[in-house]
Amino acid sequence: MSIVRAKKHLGQHFLTDKNIAEKIVNSLKLTESYNQVLEVGPGMGILSDFLMQKTDYETYLIDIDTESYDFLKKKYPQLGSRLINADFLEMDFSQTFAGPFAIIGNFPYNISSQILFKVLDNRQQVLEVVGMFQKEVAERCAAKPGSKEYGILSVFLQAYYKVDYLFTVKAGVFNPPPKVLSAVIRLTRNETPALDCDEKLFWQLVKAGFNQRRKTLRNAISSVIPKEKITDDPLLELRAERLSVADFVVLTKKVSAER
């Protein structure tokens with residue numbers, strides 16, 4: 001079979017180390033809550049080879065690259081309609097999956113944040129994610145309050161998922177090698193069906209707080225609620241990076257009551 005050319009405009013860096021590929025696939029927890037897994041951007045199928053060996057769940061592959069799709073169609077004829085040639089970011093999960101499922105992949109770094117927000121938008125259906133990201137993005141996902149990496153993505157993901165930083169991956173195991181280090185993380189849906197506050201306002205406050213992260217929250221969130229309407233609260237004297245998810249929930253409830 002011919003090989004697939006990695007395309008710069010698609011952010012493709014194909015993993016070449018089979019040991020790392022197997023380690024990524026084995027990082028799926030495979031709970032009884034789902035029996036379907038979607039791999040994003042399979043390329044030439046180095047992860048797919050290990051996924052296809054699993055018999056306790058169904059594997060689906062999605063790739064926007066027509067060349068990859070044609071290659072994988074010949075490699076895995078048994079997949080049939082479970083091999084999808086489409087844009088993951090535009091995918092309507094309900095059209096393919098009737099229930100919950102997991103996502104896995106060596107994700108294109110140029111759309112990694114968009115992938116994570118797509119997961120968040122579908123958090124009631126996506127119960128687990130195991131993926132390769134740029135190390136800097138992976139660190140932001142798993143960062144704790146008070147660290148310089150902690151930000152909007154950290155809060156939003158940790159509101160709904162347990163985030164585990166699994167391991168770092170060097171550039172030499174990719175073709176072509178990226179100019180950055182990579183890392184694999186796992187997101188596991190937590191027990192929070194919905195936050196105990198106005199979720200839309202929660203998202204607004206988190207974004208406002210981190211968009212002006214050098215300011216105290218009292219000043220940073222003035223675009224959401226005027227300062228004169230906010231009564232004294234110790235949380236408002238802190239910067240956004242100091243607040244945990246639970247702190248942001250408390251603040252959201254207070255602001256909601258005073259609007």
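**Figure 1. Packing of helix 7 against helix 9 in the predicted model.** The axes of helix 7 (residues 199-211) and helix 9 (residues 245-258) come within 9 Å and cross at roughly 110°. Axes are lines fitted to C-alpha atoms, for helices over the stretch in contact, and angles run from 0 to 180 degrees between N-to-C directions. Helix 7 and helix 9 are therefore roughly perpendicular to each other (angles of 65 to 115 degrees; under 35 counts as roughly parallel, over 145 as roughly antiparallel and the rest as oblique). The crossing of helix 7 with helix 9 is right-handed (the near helix is turned clockwise from the far one by less than a right angle; left-handed if anticlockwise). Helix 7 contributes Leu201, Phe202, Leu205, Val206 and Phe210 to the contact, and helix 9 contributes Val245, Phe248, Val249, Leu251, Thr252, Val255 and Ser256; contact means heavy atoms within 4.5 Å. By class, these residues comprise 10 nonpolar, two polar and no charged (Ala, Val, Leu, Ile, Met, Phe, Trp, Tyr, Cys and Pro count as nonpolar, Asp, Glu, Lys and Arg as charged, and the others, Gly among them, as polar).

**Figure 2. Packing of helix 4 with helix 6.** Helix 4 (residues 112-121) and helix 6 (residues 152-160) pack at an angle of about 35°, and their axes are 11 Å apart. Their crossing is left-handed. From helix 4, Ser113, Leu116, Phe117 and Leu120 meet Leu153, Phe156, Leu157 and Tyr160 of helix 6. This contact has seven nonpolar residues, one polar and no charged.

**Figure 3. Surroundings of Ala171.** Ala171 lies in the loop between strand 7 (161-169) and strand 8 (174-175). Helices (H or I, at least four residues) and strands (E, at least two) are DSSP runs, numbered from the N terminus. Ala171 has a relative accessible area of 18% and is therefore buried (under 20%; exposed over 50%, partly exposed in between; 1.4 Å probe, protein chains only). Apart from neighbours within four places in sequence, Ala171 is in contact with Pro177, Pro178, Val180 and Leu181. Glu22 is 149 residues from Ala171 in sequence and 17 Å from Ala171 in space, C-alpha to C-alpha.

**Figure 4. Context of the protein chain.** The protein chain contains nine helices and nine strands. Of its 259 residues, 51% count as buried.

**Notes.** Residues are numbered from 1 along each chain as its sequence is written, and side-chain values use heavy atoms, leaving out hydrogens and water. In this predicted model, local features need pLDDT of at least 70 and side-chain atom pairs count only at pLDDT 80 or more, whereas totals for chains, interfaces and linings use all residues.
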